[in-house]
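Please keep the sequence and the model at hand.

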Amino acid sequence: MSTEAEGRRNIICTHLKLIALYFKYNLQAAMEYRASFIAQSIGMFLNDTFFIFFWWVIFSKVSSLGGYGFKDVMLIWALAASTFGFLHIVFGNVRQLSRIIMNGELDTYLLQPKNVFINVHCSRMDFSAWGDFIYGYVLFFIVCGLNPLKLLLFTLFVIAGGLLTGAVMASADTLTFYIGNSSAITRIVTEFLLNFSLYPDSIFGREVKWIMYSLLPAGFIVFIPFKLLSAFSWYGLLGLMAVDTAYICLAWLFFKKGLKRYESGNLITTKL
Amino acid sequence: MDKADSASAIVAKDLRKVFKTKIKKEGFRESVKSIIGPEYKEIEAVRGITLEVPRGELVAFLGPNGAGKSTTIKMLTGILHPTSGNMSVLGFDPQKQRKELSFKIGSVFGQKSQLWFHLPPIDSFRLLGAIYEIDGRTLDSRIKEIVELFEIGELMDTPVRKLSLGQRMRCEFAASILHRPRIVFLDEPTIGLDVLVKQKIRELIVRLNREENTTIFLTSHDIGDVEQLCNRAVIINHGRIVLDSSIKALKYGYLNRKIIDVKFNEFSDRSSLEGLNIIKGNGLAMKLEADESGGIQEVMSRLMRAGSILDVTISDIPMEKIIGDIYRDKDTEDNDIEATSAGEVRGCDCSETEDGGGGS
Amino acid sequence: MRTLRKYLLVAETSISSNMMYAANFLAGTFFFALIIFVFLQLWNAISLNSGSMEGYTVNRMVWYYIAAELVVLSKSDVFRSMNEEIRGGGIAYKLNKPYSFIAYQFSDGMGQTAVRLCANLPVGILVGFLYVGRLEGFVWESLPAVILSVLFGILLNFFMDAFIGMTAFWTEDNSAFYWIAQKLSFVLGLLLPLEFLPGVIRQIAVYLPFSYIAYAPARLLTSFSKETLTSILPVQVLYTALFAALTAWMYMKGVKKLNVNGG
């Protein structure tokens with residue numbers, strides 16, 4: 001029994017080490033093109049800033065929006081930006097997975113003795129995502145000030161939310177094993193998750209909320225964390241972690257099942 | 001070597017792989033149609049391959065493009081799941097024990113690079129070390145060993161994008177054996193390399209095989225690779241094995257012939273050309289086939305006698321032609337022995353002349 | 001006549017090659033419907049207590065966004081393809097072909113736009129009727145002017161991109177210019193109607209070309225009057241002509257530079 005548990009701990013350790021190493025070498029590769037890396041990050045940062053302008057205009061006309069004030073919306077933005085940023089920094093291949101499967105580029109990962117799902121996702125870094133990630137933290141400090149406890153919680157939610165978002169996007173990509181190129185579906189899923197994470201959830205009707213707390217869980221990515229940041233509860237936190245874990249496990253199992261149908265580079269649509 | 005599984009590096013029984021591809025026709029109407037109800041076509045890439053490779057052997061796996069070489073290798077390495085059939089690689093089932101197996105095999109796969117383009121090779125080596133769970137001290141000594149073996153010491157700190165293709169290939173090869181694999185799969189390892197680098201890579205392959213007793217499974221279009229490296233050749237076409245014999249036997253039957261392209265300035269004694277095997281010839285330029293075993297010299301001296309030569313090139317017979325010849329021979333043979341069915345065809349003509357040098 | 005047919009064929013080929021990516025295309029129209037839906041919900045919540053803002057009811061606001069997004073989402077990839085041609089040196093190879101580089105890019109870009117417009121237009125109209133019903137105060141007489149304004153919005157967008165693309169002759173990396181132009185046209189008129197912007201910014205925006213891409217047709221559609229027509233459409237036409245002329249001029253200069261320096 002103990003050896004099995006030890007083996008499992010060992011697997012987790014080696015994979016965490018792998019993620020850390022990929023992170024390190026990706027950053028080193030980015031430093032080869034410092035100027036472009038910094039420009040991309042700043043661009044993304046500024047891009048996000050335009051939306052503050054939008055909300056500033058809106059809240060200069062109304063004082064509250066479905067119970068949310070200007071600061072609340074800023075905190076939602078902070079969460080969403082850092083969460084998506086974290087995902088694209090650490091698991092930079094998340095948007096490429098469908099293409100990787102289609103082009104047979106999964107071969108490289110299948111030949112290595114590591115979990116393919118983790119290996120493929122973290123082998124690349126999306127550099128512009130650093131802008132999003134930093135932007136979220138800047139907003140957080142503006143809204144919450146220097147509050148170490150909240151900072152810790154915020155960081156936890158960013159990581160958990162990033163993993164959850166990645167799990168949902170990867171599931172859309174996994175469809176590639178079954179129906180061929182599914183990058184369009186991934187795009188739709190991503191747009192949905194993003195757009196429903198950036199506005200107060202109270203503006204949406206019941207039907208949308210159902211989707212937000214099930215198939216496309218924007219609610220668990222941003223809004224539950226937001227509520228826990230304003231009013232913390234252990235039950236809420238544990239519940240959220242359980243939900244996140246369930247989504248991630250499901251996504252992984254789905255991928256593992258799909259992988260059996262992998263066709264390497266042989267999936268060529270013959271033109272007649 | 002007997003059939004004892006422990007002695008075999010690779011055992012495959014009746015491997016098959018069928019791909020389903022979407023058929024896409026041209027035109028707007030057809031595009032819409034293919035979205036609504038796509039049509040599928042089944043393609044049998046591998047149609048029953050049975051193979052056994054003993055440990056420590058150097059096998060060439062040959063065949064034209066689309067013959068099913070890559071598909072077979074991908075099944076043996078656990079990338080693809082076969083439609084049917086059994087296999088065992090180093091005692092593992094690639095389908096179920098991909099991870100365990102991957103610790104024991106290495107691969108240089110065509111143009112797919114394991115090295116990070118923007119980083120120096122040493123960084124990729126360290127990353128691969130972590131992937132293959134090699135502990136720090138072992139990794140350091142292994143890297144030192146390989147760097148010496150491959151003579152890549154001065155390349156280790158240069159970003160890969162600044163290396164030449166030959167240098168990159170050497171590093172690529174080095175990266176694939178960091179973890180001391182028992183089998184190395186090489187897919188076209190010398191493609192696009194110049195003669196000197198090619199020779200270097202070949203030497204490395206042989207040394208790896210001798211010094212670490214690594215089984216080498218190699219695909220190539222280059223007859224030279226096969227001749228100089230391997231002791232056994234398996235040729236496949238249309239997803240089936242058409243020939244499985246020792247290189248010696250293959251050489252005797254097929255590889256010993258050369259193509260000679262010659263261009264004369266003028267003829268002085270045309271009659272000395274009589275009796276030569278001229279495949280194509282018009283006027284002063286002609287193409288001949290000659291046998292390596294003593295024949296070439298004879299042909300050359302006859303050519304010299306025939307007139308003043310402007311230009312001459314001697315080249316290997318292309319792989320496609322050899323396979324075509326094997327086919328033709330097989331066809332005539334099949335007419336004699338009707339019992340040989342479409343299933344598994346072993347090259348009996350050669351295995352009979354085999355002198356035990358290969359792997360059986 | 002024959003030259004015209006040549007460019008029509010380019011546009012046609014562009015249309016059918018864009019049709020090949022049907023799935024991407026559906027994702028695009030879904031994105032359009034989704035954005036409008038989110039904005040509908042947002043404006044419903046915003047104007048819950050005030051009824052209308054700056055003269056925009058929820059109904060008008062939704063139609064405003066539909067018109068504005070329609071123009072922007074139907075934009076072609078001219079900037080990218082021009083950049084690739086010029087920087088990759090493909091242009092040197094095309095100079096000796098019997099067609100005009102700009103006309104070729106134009107036909108190709110308009111082909112792309114046509115496909116996107118044809119997909120987005122019905123979706124936009126459908127979504128508008130489903131979400132908020134008929135546009136309040138809509139008059140049929142405004143339609144020709146609105147259509148014209150949409151077309152000029154698209155043309156202006158195209159030539160502005162082409163103009164920035166031409167800078168590739170001189171600079172190594174011009175994507176920063178493109179990015180800034182994109183963000184300015186996003187903030188000035190797409191994210192919010194100009195009427196919402198603070199006084200000074202609005203004053204400046206009226207003189208800049210950026211709001212004449214999306215704001216102009218959307219404003220014309222939602223609050224049509226003779227005054228808006230005469231204050232918007234002529235400026236739109238002028239700016240389009242200006243950027244078209246600038247593009248042609250830059251191209252001539254650029255090709256000369258290419259001939260001197262040898263691509």
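## Burial and basis

Buried means under 20% relative accessible area, exposed over 50%, and partly exposed in between, with a 1.4 Å probe and protein chains only. By that cut-off, buried residues make up 51% of the 263 residues in chain C.

The model is predicted: local features need pLDDT of at least 70, side-chain atom pairs count only at pLDDT 80 or more, and totals for chains, interfaces and linings use all residues. Residues are numbered from 1 along each chain as written, chains are lettered from A and ligands numbered from 1 in written order, and side-chain values use heavy atoms, without hydrogens or water.

## Chain C overall

Chain C has 11 helices and zero strands. Helices (H or I, at least four residues) and strands (E, at least two) are DSSP runs, numbered from the N terminus.

The C-alpha trace of chain C spans about 65 × 40 × 35 Å along its principal axes.

## Helix α12 of chain A

Helix α12 of chain A covers residues 218-230. Its 13 residues should span 18 Å at 1.5 Å a residue, and its end C-alpha atoms are 18 Å apart, which agrees. The expected span is 1.5 Å times one less than the number of residues.

In α12(A), 10 of the 13 residues are buried, so the helix is largely enclosed by the rest of the structure. Among the buried residues are Phe220(A), Phe223(A), Pro225(A) and Phe226(A). Their cover includes α3 (70-90), α8 (148-174) and α13 (234-259) of chain A, among others.

How values were computed: Contact = heavy atoms within 4.5 Å.
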